[in-house]
Amino acid sequence: MQKGAILVLSGPSGAGKSTIINAASDEIGEYYFSISTTTRAPRVGEEDGKDYFFVTKESFEEDIKAGNFLEYAEVHGNYYGTSLKPVREALEEGKLVIFDIDVQGHRLVRAKMNDITTSAFITPPTLKALETRLRARSTDDESVIVKRIENAKGEIKAVGEYDFTIINDTVEEATKRFVIVAKAARLKQSTEDQEKFVEQWLANN
């Protein structure tokens, strides 16, 4: 059975992360896309358990106290976090667990599960290209677009903290690179695996 592994993806909103994951889904083996839990209200067309797990602020704060989150943050007055239970289950089933989280979330995952974590920063080739894509989506008003662009300027400075950078110039090329990264993530050995390997290697002399 394949071992479970974690692949963290970050990058500005509008970088095309979900498009790339969907395009690569047939080539990366069994995976679990980690859905965030949030206290914000669902947007039109969003489904509970598919887009997010939607919960009350009280319920979220209880889970924080109980230590049930791998990472969480408060963004624009709402909580967003990654619940540990489905992540553990997916890892035990040997799946690749894919996270789409911000720079801060990546640091927290690294601190807790570095051994089995690979990360990639996905970004359009330039800030101008990002701005063009955000405006082309026509889903956000001007103030949201401006905020996303400001956030992206800050996030790009953390690109060196990631194992890989995927430039999404064309979806086809970015998807090919993403498939390579996803396969590499599965090959990463934990410290425990490495120690076992050395032990066995030395024993068979």
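These notebook entries set out what I looked up in this structure, from the overall form to single residues.

**Entry 1. The whole protein**

I began by noting that the model is a predicted one. I counted 8 helices and 9 strands in the protein. I then looked up the radius of gyration, which is 18 Å, close to the 17 Å that the globule rule gives for 205 residues, so the protein is as compact as a globular protein of that length. The C-alpha trace spans about 65 × 40 × 30 Å along the principal axes.

I next turned to burial and surface. Of the 205 residues, 39% count as buried. The accessible surface comes to about 11,800 Å², and carbon and sulfur atoms account for 51% of that area. I also looked up how far apart in sequence the contacting residues lie. Among contacts with a separation of 6 or more, 69% are between residues 24 or more positions apart.

I asked how many residues of β1 are buried. The count is 6 of the 6, so the strand is largely enclosed by the rest of the structure. I checked both faces: A5, L7 and L9 point one way, I6, V8 and S10 point the other way, and all are buried.

I then looked for the strands that pair with β1. With β7 the pairing is parallel, over 5 bridges, and V8 stands opposite F99 of β7. With β8 the pairing is also in the parallel sense, over 5 bridges; here L9 stands opposite A120.

**Entry 2. Strand β8**

I followed β8 in the other direction and found 4 bridges to β9 (residues 164–167), again with the strands running parallel. At this pairing T123 stands opposite I167. I recorded that β8 is mostly covered, with 7 of its 7 residues buried. On one side these are T117, S119, F121 and T123, and on the other T118, A120 and I122.

Leaving aside neighbours within four places in sequence, I listed its contacts as I6, L7, V8, R110, D163, F164, V181, A185 and K188. Of these, I6, L7 and V8 are residues that I had already noted in β1.

**Entry 3. The largest nonpolar core**

I looked up which residues touch the most other members of the largest nonpolar core. This core has 19 residues, and those residues are L7, L9, I28, L96, I98, I166 and F178. The elements that give two or more residues to it are β1 (5–10), α1 (17–24), β7 (96–100), β8 (117–123) and α7 (171–187). The largest share, 6 residues, comes from α7.

I took I98 as one example. Beyond its neighbours within four places in sequence, I98 is in contact with L7, L9, I21, I28, Y31, Y32, F33, S34 and F178. I noted as well a second, separate core of 13 residues, which includes Y32, L91, V97 and M113.

**Entry 4. F178 in helix α7**

I located F178 in α7. Its relative accessibility is 0%, so F178 counts as buried. With neighbours within four places in sequence left aside, its contacts are L7, L9, I20, I21, A24, I28, I98 and I166. I also looked up the separation of F178 from N168: the two are 10 residues apart in sequence, and their C-alpha atoms are 9.9 Å apart in space.

**Entry 5. An open sheet of four strands**

I asked in what order the 4 strands of the open sheet stand. The order is β4-β3-β6-β5, and the pairing is mixed. The edge strands are β4 (53–54) and β5 (69–75); each has a single partner strand, so one side of each is left without a neighbour in the sheet.

I examined the pairing of β5 with β6 (residues 78–83), which is antiparallel over 6 bridges. Within it, G81 of β6 is the bridge partner of Y72. Helix α3 (residues 84–92) packs on this sheet and touches β5 and β6. I recorded an angle of about 25° between the direction of α3 and that of β6.

Conventions: Residues are numbered from 1 along each chain as its sequence is written. This is a predicted model: local features need pLDDT of at least 70, side-chain atom pairs count only at pLDDT 80 or more; totals for chains, interfaces and linings use all residues. Side-chain values use heavy atoms; hydrogens and water are left out. A nonpolar core is a set of buried Ala, Val, Leu, Ile, Met, Phe, Trp, Tyr and Cys residues joined through side-chain atoms within 4.5 Å. Buried means under 20% relative accessible area, exposed over 50%, partly exposed in between (1.4 Å probe, protein chains only). Contact means heavy atoms within 4.5 Å. Two strands pair if DSSP finds at least two bridges between them. Axes are lines fitted to C-alpha atoms, for helices over the stretch in contact, and angles run from 0 to 180 degrees between N-to-C directions. The radius of gyration is taken over C-alpha atoms; the globule rule is 2.2 Å times the number of residues to the power 0.38. Accessible areas come from the Shrake-Rupley method with a 1.4 Å probe; for residues, only the protein chains shown count as cover.
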